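Visitor: I would like a close look at one kind of contact in this protein. Please take me through the salt bridges with care.

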Amino acid sequence: MYVEVVFNIPLKTTFHYTIPEKLAEDNIKTGMRVSAQLKNRKLTGFVVSVSEKLPTSGMFSKDIVIKDIERIIDKEPLFDESYYSLARWVSGMYMCSEGEALFSMIPSGRREKDFDIDIAEEGTEDFTHITLNKAQKSVIEKIRCIPSESRSNNSLFYLYGVTGSGKTEVYLQIAEDVLAQGKSVIYLVPEIALTHQLMDYVTARFGKNIAVLHSGLTPSQRLKQWRKIQSGDAKVVLGARSAVFAPVKNLGLIIIDEEHEATYKSGSTPRYHARQVAMYRIKAAEGKLIMGSATPSVEAYHLMADADAVLEKCELPEIAAGGTFAPVKIIDMKNESSAISSYLAERIREITSKKGQVILFLNRRGFFYYYHCLFCRYEFKCRQCSVSLTYHKERNKLLCHYCGYSETPLKICPSCGSSEVGYSGFGTEKIESDINTLFPYLKSQRLDKDSIKKSSSAKEIFAKFKNRETDLLLGTQIIAKGLNFPGVKLIGIIMADTTLQLPDFRSAEKTYSLITQVAGRTGRFSKDGEVVIQTYRPDNYAIKFAGQRKEKEFYKTELENRKIMGFPPFSRVIRVIFRSKENEKALKAANDFSDILVKYKGNFNILGPAECPLAVIAGNSRYHILVMSKDIKNSHAIVRESAEKIKSPFGVYIEIDVDPVSLM
């Protein structure tokens, strides 16, 4: 007997092994993991076929020696043939090997560790008396009803609802319908922290019928949840990006909440987008996909507004709990001397004196953002990356947020020898210090990557804030998503310009989205909320339209700008990155690849080669090429063939990103 095996390596080929006599009784099947030797390494691989004979291709000569597999890891398969076809699609779409695709999709735990998620008993809350508003009822009926036969795209819906409009209840009512039909549901959220928040609500609704999948679990914990889903014991899967691959039986519905979030895009091979995978799976399963957001991605907005309307728009224009949109005040920081403006400081005092709660948002970690010489302006940068080091006062370290490099702050400038070294810019640590100085009587907490020491920390911080044990919550992007606290009366956006400074065509979209999402954390339950936006660029259209809540004007302006530049949604982009420890090698490989591309004929544009905006990361020089085309099939084939033709020198790595969400 022979087995065909794939490994988690970039080689787009499979390997054949024999089953030794000592393992012959273990009944090996497709979908099991095995341990086997590949050259001089012992690797874990997935069995993708079992046969009595070797393939008849010419590569198998009579003289070739076929090695034995060494061990069978699983007692039961982790996937079946239909799931393997999904892996082949991921491999083809995102130009990686089948092994890389499978290993990104399936947990790697060696055993199914005893582990239970904190599941509420079914019926903990009474959902029979939830009052839906007119818009919610209309949307639910629209999604429930049998679509017209004249529409071919009737399985794709977009829940376009303002923050606080009750999207979650719509999701869950549709999920109940799907479960009643004996089908399964995958519910995706953009962050692990939101998985914790939503879990109580969802498990109260569906009880023990739920499984959770996200990277915060250990591999063995994920494997146990995987087996629960695979067996059919879990009909509802809740999780972050990777949960889109859950092996549910009879898939009927996928929900993608906060569709606009970049976290749905994988940052490592395979660089899949959960939205595209969900569309593929729903089409194959003949189910429904519901995406939702108050700030749709520009691509999704275009697909709703386009004449062909690939996405069925379902609008929720009202705040469900009877609140109203909080008034917004934009503060021009050019006239301020402190990171917290005098107006915002006064409003914090007034709101907290009346027992109201405050959320402050700043999308920068650390204490000071730049550490430099005040005499010659020398800037202390990471030794391995082309980025400034961020000073973290709590650790007394200069840290790189890209590669993790750290060093103790120097007291003497290495360039001119001056002792006049200092700081500028600010992050959440600095704002926390300012808050403690300005408002020592307030109970405040900071929530960012540095403050979370364990997986439960975010949950504990949210719980304290919800229970009014905390007056003020300061944080980064994590507090912009999905929070629902009635006590919040004031939102302060410390620096609205942060994402505008990125050299990326999505910078305005990200800025608009963040401001709108953060602003939506107040005004949900009452009419006495307020939003304060601090900025050095009050006339920028993303900031202005977000502050004025003019979403149509923002999307119109952004789409016009994208059309002029030829960026998505008016094209599809494939980004090819070349990195090497040696700058010359990376540049040569990029130029060689470009030379191959230009020989092809087709309606596509090539931008580059050029240095990436982050030219060096972890000691690797980085160059990229953008291939832009309206015909993704043509450009996809051209890039794939070019990648197969290029002979890159040793030490050069090529990364291909289809539909990138960041060009950094």
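Visitor: With which residue does Glu312 form a salt bridge, and how far apart are the closest N and O atoms?

Guide: This is a predicted model, in which local features need pLDDT of at least 70 and side-chain atom pairs count only at pLDDT 80 or more, while totals for chains, interfaces and linings use all residues. Residues are numbered from 1 along each chain as its sequence is written, and side-chain values use heavy atoms, with hydrogens and water left out. Glu312 forms a salt bridge (a side-chain nitrogen of Lys or Arg within 4 Å of a carboxyl oxygen of Asp or Glu) with Lys142, and the closest N and O atoms are 3.2 Å apart. This pair links distant parts of the chain, 170 residues apart, with Glu312 in strand E12 (residues 312–316) and Lys142 in helix H3 (residues 134–144); helices (H or I, at least four residues) and strands (E, at least two) are DSSP runs, numbered from the N terminus. Glu312 is buried, at 18% relative accessible area, whereas Lys142 is partly exposed, at 32%; buried means under 20%, exposed over 50% and partly exposed in between, with a 1.4 Å probe and protein chains only.

Asp177 and Arg144 also form a salt bridge, with the closest N and O atoms 2.4 Å apart. Asp177 lies in helix H4 (residues 167–180) and Arg144 in helix H3, so this pair ties together parts that are 33 residues apart in sequence. Asp177 is partly exposed at 22%, and Arg144 is partly exposed at 35%. By the same rule, the count comes to 28 salt bridges.
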